[in-house]
Amino acid sequence: MDAQLKKGFLELLVLASLKSAASYGYKIIQDVSGIIDISESTLYPILKRLEQQEFVATYTEEYNSRLRRYYRITPAGIAKLRECRTDFEETKKIYDYILSEGGRS
Amino acid sequence: MNKYEFIYKLDKALDGFSAAERAEIVRYYEELIQDARDSGEPENAFIDRLGSIETIIRTIKKDGTFLSNVKEKKDFQLRKVFDVTVRILGYSLFGIFAITVGSIAFSLSVTGISTVFVAVGAYLRDSVADPSTATLIMYAGGTLLGAGLFLGGIWGFKWIIKISRVIIEKSLEFADKIIKKIGERNK
């Protein structure tokens, strides 16, 4: 997949993986890796960016006598995912055109 | 490479980053390794899968938000000094706390075990001359009390060991937060 396209998708996929419940680094990778190729080192900047855009918020909780950082989706993050619906319609139109050999179909 | 080796090398390689970011990245990888281990993945294999430390740093730096932060090194020295001070303060406060709780736990267990010995010893000595029910109850009570104190002391020791890691992590996190705030104010 194109690198730029993948970057955008990764952010949305990570965000979507938090839709039902808060999660943590290791689990996010396990959840998302079935859909897209993602590594531990690529996840870190993605989480960081999502946090800076305030699409996710973080908190720490004790687990097994250590602290674990959890990420949860914010209302702004949920709104961002909702935008995907309109994006999908537009993207679909674009791909339909591209794949139809230059629109001559 | 084992966890300690990896974390040590990663921390060293993050030298150009601000103290807060450095701590955050190290913690992120520490947590990943712990979580991998807790879900049954072999530690070394997982660390090999993380790729080389050079690649990890390059991936982080490639991200725009980080580059701008890395470039901004004006108050880097100041932050470093502050970071170290908070760490030293945190560890010494925790040390005092651990010594206090530890001594209480120690004296409880020593008192407990000696009470058990005294009570049992007194019972054995007096049992020859047919003791009354009241004395028996007294000895049994002494033994139970002693055993209780001893177990309480041992529990105290276990408790400090258990919470020590969480307390240290929480204080480091607190320090990181302050450092971040100072960093934002200076921007």
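In which hand, left or right, does α1(B) pass α2(B)?

**Entry 1. Ground rules**

I am working on a predicted model, in which local features need pLDDT of at least 70, side-chain atom pairs count only at pLDDT 80 or more, and totals for chains, interfaces and linings use all residues. Residues are numbered from 1 along each chain as its sequence is written, and chains are lettered from A and ligands numbered from 1 in the order in which they are written.

**Entry 2. α1 and α2 of chain B**

I found that α1(B) passes α2(B) in a right-handed crossing. The term means that the near helix is turned clockwise from the far one by less than a right angle, anticlockwise being left-handed. Helix α1 of chain B covers residues 3-13, and its axis comes within 10 Å of that of α2(B) at a crossing of roughly 160°. Axes here are lines fitted to C-alpha atoms, for helices over the stretch in contact, and angles run from 0 to 180 degrees between N-to-C directions. The two helices are therefore roughly antiparallel. I note the cut-offs: under 35 degrees is roughly parallel, over 145 roughly antiparallel, 65 to 115 roughly perpendicular, and the rest oblique.

I listed the residues that meet: Lys3(B), Ile7(B), Leu10(B) and Asp11(B) from α1(B), against Arg22(B), Val26(B), Tyr29(B), Glu30(B) and Ile33(B) from α2(B). By class they are five nonpolar, no polar and four charged. Nonpolar means Ala, Val, Leu, Ile, Met, Phe, Trp, Tyr, Cys and Pro; charged means Asp, Glu, Lys and Arg; the others, Gly among them, are polar.

**Entry 3. Ile33 of chain B**

I stayed with Ile33(B), which sits in helix α2 of chain B. Is Ile33(B) buried or exposed? Ile33(B) counts as buried because it has 21 C-beta neighbours inside 10 Å. The scale is 20 or more other C-beta atoms within 10 Å for buried, 12 or fewer for exposed, and partly exposed in between, with C-beta atoms placed from the backbone.

Leaving out residues up to four places away in sequence, Ile33(B) touches Lys3(B), Glu43(B), Phe46(B) and Ile47(B). A contact requires C-beta atoms, placed from the backbone, within 7 Å. I also checked Leu50(B), which is 17 residues from Ile33(B) in sequence and 9.6 Å away in space, C-alpha to C-alpha.

**Entry 4. The two chains**

I counted seven helices and zero strands in chain B. Chain A has four helices and three strands, and its elements run α-β-α-α-β-β-α from the N terminus on. Helices (H or I, at least four residues) and strands (E, at least two) are DSSP runs, numbered from the N terminus.

Of the 187 residues of chain B, 16% count as buried. In chain A, buried residues make up 22% of 105. For contacts between residues at least 6 apart in sequence, 78% in chain B join residues at least 24 apart; the figure for chain A is 47%.

**Entry 5. Where the chains touch**

The contact takes 23 residues from chain B and 19 from chain A. On the chain B side, α2 (19-38), α4 (53-62), α5 (64-71) and α7 (133-186) each supply at least two residues. α2(B) gives the most, with eight residues.

**Entry 6. Nonpolar cores**

A nonpolar core is a set of buried Ala, Val, Leu, Ile, Met, Phe, Trp, Tyr and Cys residues joined through C-beta atoms within 7 Å. The largest has 27 residues, and those touching the most other members are Val14(A), Leu15(A), Ile29(A), Leu43(A), Leu50(A) and Val56(A). Two or more residues come from each of α1, α2 (25-32), α3 and β3 (66-73) of chain A, and α2 and α4 of chain B. The largest share, five residues, is from α2(B).

**Entry 7. Glu54 of chain A**

Last, I looked at the loop between α3 (40-52) and β2 (56-63) of chain A, which holds Glu54(A). Most residues other than glycine have a negative phi. Glu54(A) is not a glycine, yet its phi is positive, about 60°. Glu54(A) counts as exposed because it has 12 C-beta neighbours inside 10 Å.

How values were computed:
Two residues are in contact if their C-beta atoms, placed from the backbone, lie within 7 Å.
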